[in-house]
Every structure is written in structure tokens, then in C-alpha cells.
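Dear colleague,

I am handing over the structure below, followed by an account of what was found in it. Please read the notes with the sequence and the model open beside them.

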Amino acid sequence: MGGVYILQPYAEMVVHNIGVLATCAGGIKKGRDMLDAGLVEGAAVAVSGGRILAAGREDEVKGAVRTDGRTKFIDAMGCLVTPGLVDCHTHMLHAGSREKELAWKLEGKSYLEILSAGGGILSTVRETRRAGDEILLMQTKKRLARALAHGTTTVEIKSGYGLSVEEELRALRLVRRLQREQPVELVPTFLGAHAVPEECKNEPDRYVDLVCREMIPRVAREKLALFNDVFCEEGVFTVDQSRSILQAGLAHGLRPKIHADEMAGSGGAELAAEVGAVSADHLLHVSPRGVRALAASGTVAVLLPGTAYYLASGHYAPARALIEAGVPVAVASDANPGSCPTEALQSLFNMACLYLRLRPAEVLNAMTVNAAAALGLVGRLGSLEPGRQADLVIWDAPNLDYPAYHFGVNLVRQVIKTGQIIGRGEECAC
């Protein structure tokens with residue numbers, strides 16, 4: 001008798017013997033859904049063509065796919081497997097470092113005091129302008145390699161240490177080149193409005209005009225960035241200046257992001273909601289009105305606990321209030337040379353629990369699927385579901401609580417990016 005036979009899809013790779021699989025499935029997480037990391041015990045993940053074929057209970061996955069002698073089997077040895085981490089806010093492309101500023105902080109100087117004295121961002125601008133392309137590439141590759149070794153498979157990189165037309169374009173062109181020359185997936189963001197450069201310090205509106213009329217059109221013309229960001233803060237860019245910059249970006253197809261309410265309540269969150277920003281980042285001093293506005297707009301709140309920790313302010317973003325209001329919350333590193341010199345997003349897992357009062361499942365969702373949402377990529381990566389990009393981390397951990405509990409060491413055993421093994425850590429000892 002005739003019949004229709006459906007051939008099972010062929011798996012090029014199967015990660016099996018997974019003790020706990022965290023799929024983070026189901027789209028952007030809000031409210032109580034952030035506690036659901038899609039945990040499956042006794043699991044497996046099948047991969048082909050760089051994408052997930054199946055993820056779930058091992059017997060069900062193996063029954064759903066075909067394998068043969070060419071299939072690569074990876075034994076997770078009973079350990080935790082999660083999506084690759086998505087670092088949705090970094091400033092990794094720059095020259096030099098600012099370790100001498102630590103002493104100034106210990107003397108009581110504030111972030112804005114250091115900036116106004118010519119330190120901070122402006123000192124990195126001077127170093128970055130002086131550095132040749134190869135130096136910038138070499139230093140940034142080292143940072144990205146550290147991020148990858150700690151489980152980060154996708155990184156947003158902002159410009160913002162050039163603060164001139166040609167230097168900002170150079171930075172974004174280098175990000176494009178880095179995407180070709182190393183394995184971490186990069187998402188470029190234009191941040192010409194990171195600070196007012198020294199040559200315009202008495203004419204900030206002239207610099208705003210330069211960003212809007214010259215930088216943004218050229219960035220858009222060359223398709224160098226997906227997003228347009230601004231540091232909306234007292235002593236940097238006002239709400240009105242920030243609005244002009246974000247609206248100029250929108251007019252040229254660049255989606256808005258905003259550094260908001262970091263040092264004080266500036267109205268940045270309300271502006272983010274007004275312009276439909278993809279994300280509002282920092283939010284240490286967000287107002288109740290700002291929280292409500294973010295919830296209504298769907299803007300992702302990107303929290304950066306490493307920066308609050310490093311600045312030793314003793315004040316952290318109100319993560320619980322944001323979650324309870326229904327704001328999707330992400331967590332990122334803010335990797336930068338002055339206020340959070342680390343590339344290891346993994347290292348903030350414990351910090352996000354202790355200081356943001358997030359539960360381990362909430363932190364993982366915040367570093368994966370919600371972080372992908374903050375980059376407009378939630379339908380492609382950040383979760384382990386059929387059709388999603390096969391970005392996985394095998395941890396030297398028996399469960400999801402362990403990375404939050406055991407801090408200060410790298411717990412990554414293996415990293416898989418688009419179905420390829422690209423990073424290895426220590427042998428698993430779950």
C-alpha cells in the first residue's frame with residue numbers, strides 16, 4: 001500500500017546527558033514569567049545547520065531526529081546547559097585603560113567630577129584617537145575572547161570614544177571588521193552622544209548639531225549601526241538634547257537606545273518611552289512615573305549591576321519594582337574602561353542576585369532571551385527552541401542555582417556558537 005513517509009530531520013550534532021537544560025523558551029519574559037527558565041531534566045539538544053532542531057527530554061529529542069556516524073555527540077556529563085549569554089550593553093572598542101582613576105574614586109571623587117576634570121570618557125577618547133586600527137583591533141579581540149571564554153556568544157558594541165565624525169565612523173567600521181575576524185556575534189550601536197568632546201565643551205549644542213546633521217546620516221548611509229544611543233544625564237546631554245539626537249536617528253532608520261537615570265533622575269526613562277526606545281539602560285534613579293512609562297511602552301530595562309558595584313554608590317536599579325510593573329528586564333556587563341572594567345558577564349550572575357534581588361532563573365532570562373530582545377533579536381537567539389540559533393553553554397554546574405552561588409571563577413566548560421564548538425573551559429565535575 002502506498003503512503004506518505006516523513007523523513008526525520010538529520011542532526012549534525014547532539015548534546016546529550018544534560019542534567020538540567022534551561023531553554024528560556026517562550027519569548028520575552030515579564031513579571032512572574034521571568035521565573036520560568038524552561039528547565040528540563042535528563043535532556044538533550046539536537047542541532048543542524050547552525051540551528052536548533054529539537055530541545056527537551058533526551059528520549060524525545062533522540063526520537064525526533066536522525067543520526068549516523070557523522071553526527072557529533074557531545075556528552076554534557078550531567079551538567080547544566082543554557083543558551084549562550086547575550087551581553088546587550090558594552091563599550092568594548094577603545095584603547096588603553098584607566099586603572100589610575102581607582103585611586104581618585106577612593107579619595108571620594110565622583111564619576112562626573114572625574115569627567116569634568118578631563119578624565120573619564122574624555123581620557124579614553126584621547127587614547128582611542130591616538131591608537132592605530134591594528135592596536136584597537138588587537139585590544140578588542142582580547143576582550144571579546146575573554147567574554148567568549150565566560151559564556152558570552154553575542155555582544156553589543158557601542159562607539160563613543162571618537163566623538164568626531166571620522167573617529168566615530170572609524171570605530172563602527174572596525175566593529176564591522178571584527179565581526180569577520182573573530183567568532184563572537186557583534187551588534188553595532190552608534191553612541192556619538194557619549195560625551196561632549198573637549199573641543200566643544202563650551203558649545204554643547206554645536207556638538208549636538210554635529211551628531212544630528214553629520215554623524216547620524218553618514219552612519220546610516222554606510223549601514224554601520226542598528227541603534228542610536230545617547231548618554232542622557234545631568235552634565236552630559238539634557239533631555240531636550242537627547243530627544244533631538246534620538247529623533248534624528250529615527251529619521252535615518254536607527255532605532256533608539258538611551259543611557260537613562262544613572263547618576264540622578266533625569267527623565268531619561270520617560271524619554272525612552274516617548275520615542276519608543278528598544279532599551280533604557282542603567283535606571284538606578286528611575287522614577288515611579290518612569291517605571292510606568294517603560295511598562296506601557298514595552299521598552300526593555302537593561303540593568304548594569306557591575307557599574308553600580310564598581311562606582312561604590314551603594315545604590316542599585318529597582319529591579320523588583322520594574323519586574324512587578326511588567327517591564328521586561330535584561331542584565332548586561334557595561335564593559336568599559338572606567339566604571340565596569342570586565343568582559344565576564346557571567347561574573348555578574350551572583351551580583352545580580354545579591355544586589356538586584358533577582359532569582360537565578362530571572363538572571364538567566366535577563367542575560368539571554370530578554371537581552372536578545374534589547375537588541376531586537378529575540379526571534380533568532382537567546383533561547384533553545386526549534387529554529388533558534390544554536391548558541392549553547394555547557395556549565396561546570398549541576399543546576400541553575402550553582403552559577404549564582406559559586407562566584408569568582410569561570411564555570412564554563414564548553415561554548416557552542418551557531419552549532420560549532422568555539423570555546424572550551426575546564427573539565428566538568430558536576
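Leu224 sits in the loop that runs between helix 7 (204-221) and strand 9 (227-232), where helices (H or I, at least four residues) and strands (E, at least two) are DSSP runs numbered from the N terminus. With a relative accessibility of 3%, Leu224 counts as buried, a term that means under 20% relative accessible area, with exposed meaning over 50% and partly exposed in between (1.4 Å probe, protein chains only). Apart from neighbours within four places in sequence, Leu224 is in contact (heavy atoms within 4.5 Å) with Leu169, Leu172, Arg173, Arg176, Pro188 and Val219. The C-alpha atoms of Leu224 and Val187 are 9.9 Å apart, although 37 residues separate the two along the chain.

This is a predicted model, in which local features need pLDDT of at least 70 and side-chain atom pairs count only at pLDDT 80 or more, while totals for chains, interfaces and linings use all residues. Residues are numbered from 1 along each chain as its sequence is written, and side-chain values use heavy atoms, with hydrogens and water left out.

The domain assignment, which is automatic or from a database, gives domain 1 (13-83 + 383-424) and domain 2 (85-374). Their contact takes 32 residues from domain 1 and 28 residues from domain 2. The area buried between them is about 2400 Å², with 67% of it given by carbon and sulfur atoms; buried area here is the accessible area (1.4 Å probe) that two parts lose on being put together, summed over both. Met34, Ala404 and Lys417 supply 24% of the area that domain 1 buries against domain 2, more than any other three residues. Across this interface the rule finds 1 salt bridge, defined as a side-chain nitrogen of Lys or Arg within 4 Å of a carboxyl oxygen of Asp or Glu. Lys417 also forms a salt bridge with Glu185, the closest N and O atoms being 2.9 Å apart.

Under "binding site", an unreviewed UniProt entry lists Arg98, Tyr161, His194, Glu262 and Ser339; such annotations may be inferred rather than shown by experiment. Glu262 is found in the loop between strand 10 (255-260) and helix 9 (268-275) and is buried, at a relative accessible area of 6%. Ser339 lies in the loop between strand 13 (329-331) and helix 13 (348-356), and is buried at 4% relative accessibility.
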